[in-house]
Amino acid sequence: MTQRTAPTLTARALGRATLERQLLLRRSDMTALDAVERLLGLQAQSPRPPYYALAARLAGFRPQELSDLLESRQAVRISVMRSTIHLVSAHDALLLRPLTRPVHDRTLRGSFGKHLTGVDLDRLAAAARALVEERPLTFKELGERLQEEWPGHDRWPLAMAARQLLPLVQVTPRALWGRSGQAAHTTLDAWLTEAPDAAVPRAADTADGPEAGPREALAAVLLRYLAAFGPASVKDMQVWCGLTRLREVIDPLRPRLRTFRDEHGVELFDVPDGPLPDPDTEAPVRFLPEFDNVALSHADRTRILAPEHQGRTWDRNVAYRVFLVDGGIRGLWRIETAGESAQLTVEPFTPLSRAEQSAVADEAAGVLHMTAPDARHDLRYGQVAKPARATP
């Protein structure tokens, strides 16, 4: 009996599939909350990236819609995948934080373990929980309070240990559009318990969470990942979430999945109804924030970033904002506001055609209007300076 060979998908075909699932081939009419859940959260080390991420994906997006979700606590900023801050729905925060606990444990051991010799971590977690549930604290404040219990240790490793051990959320007004606030933290349970909206889920309401079985819950999340980022390899999935040994979770799902190969022969998995647009489907210009998930959620990023441009979107672990042309990352951008003016600077990796320049200008106009609606707008071509490091 002849074994059927899995179809091969080119990098361009994979790119178009990912853009379709990421709402980047055409803007969607779905709500901001629905989009956040469909995309399994938005990378959010800094306050503004989720707003630009949704503006690139949703028709008529208003920043206030996302701010309202944060204020009502239907969405939260919490460390989940890769032990980095994401903006996720309250429901997904309750689901994802326990599933990504091994990632946080590994970060704790690897980055801070040598600084915590002699510290009882269970006692530290209990002490930190009591402190942040009394009132939200910055990591500086939390570390100083924990130093009172462990005076022989630096405050930063103590605070970072609490971050890995506890599901800490950043509270508002941090990350509200047009407002500012320190990155202060409390626990997810405390934040949702005090939520003004009775529809916001609590831990006991998350029936599809780890209480239903960690392996089953993780399998369901990986299916959602494929729906949002697929087709993808096991290594892609591991890069996205930071977990390891995911083949043990994926292999039992094979009867429910389609399989493909990329141009290097790597096996790719996909949900049965995952869209696979024609590789020649037109892809519009889009301006994406730093750390956008579409550029960070695969081990092989050639579907979205050409090999010759690899490394140009990062500078010593700091990411630049990027823009898409014809389905791929073609350059960097930044926006600056001063007084009554707002300037958006683009730095293409390669020359743009006249039609591409026109499309870039049209898309830039929308970004400028959202950022500074009453300012005088200016688009220029130039060099994009190194961005500021994100605040934890």
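**Figure 1. Arginine charges placed over tryptophan rings.** A charge sits over a ring if NZ of Lys or CZ of Arg is within 6 Å of the ring centre and within 35 degrees of the ring normal. In this predicted model, the charged end of arginine 321 sits over the ring of tryptophan 333, at 4.9 Å from the ring centre. Arginine 73 likewise places its charged end over the ring of tryptophan 191, with 3.4 Å to the centre.

**Figure 2. A cluster of linked rings that includes Trp333.** Ring pairs join Trp333 with Tyr51, Tyr52, Trp177, Phe287 and Phe323 in this cluster. Across the whole structure, the search returns 10 aromatic pairs.

**Figure 3. The stacked pair of tyrosine 225 and phenylalanine 229.** The ring centres of tyrosine 225 and phenylalanine 229 are 5.1 Å apart and the planes meet at 20°, so the pair counts as stacked. Both residues belong to helix α11 (residues 214-229), where a spacing of 4 residues separates them by about one helical turn. Tyrosine 225 and phenylalanine 229 are both buried.

**Figure 4. The edge-to-face pair of phenylalanine 291 and tryptophan 314.** Here the centres of phenylalanine 291 and tryptophan 314 are 5.6 Å apart, with 75° between the planes. Because phenylalanine 291 lies in the loop between β8 (286-288) and β9 (314-315) while tryptophan 314 is in strand β9, the pair ties together parts that are 23 residues apart in sequence. Phenylalanine 291 counts as buried, its relative accessibility being 12%, whereas tryptophan 314 is partly exposed with a relative accessible area of 28%.

Technical notes:
Residues are numbered from 1 along each chain as its sequence is written. This is a predicted model: local features need pLDDT of at least 70, side-chain atom pairs count only at pLDDT 80 or more; totals for chains, interfaces and linings use all residues. Side-chain values use heavy atoms; hydrogens and water are left out. Rings of Phe, Tyr and Trp (its six-membered ring) pair if their centres lie within 6.5 Å; planes under 30 degrees apart count as stacked, over 60 as edge-to-face and the rest as tilted. Helices (H or I, at least four residues) and strands (E, at least two) are DSSP runs, numbered from the N terminus. Buried means under 20% relative accessible area, exposed over 50%, partly exposed in between (1.4 Å probe, protein chains only).
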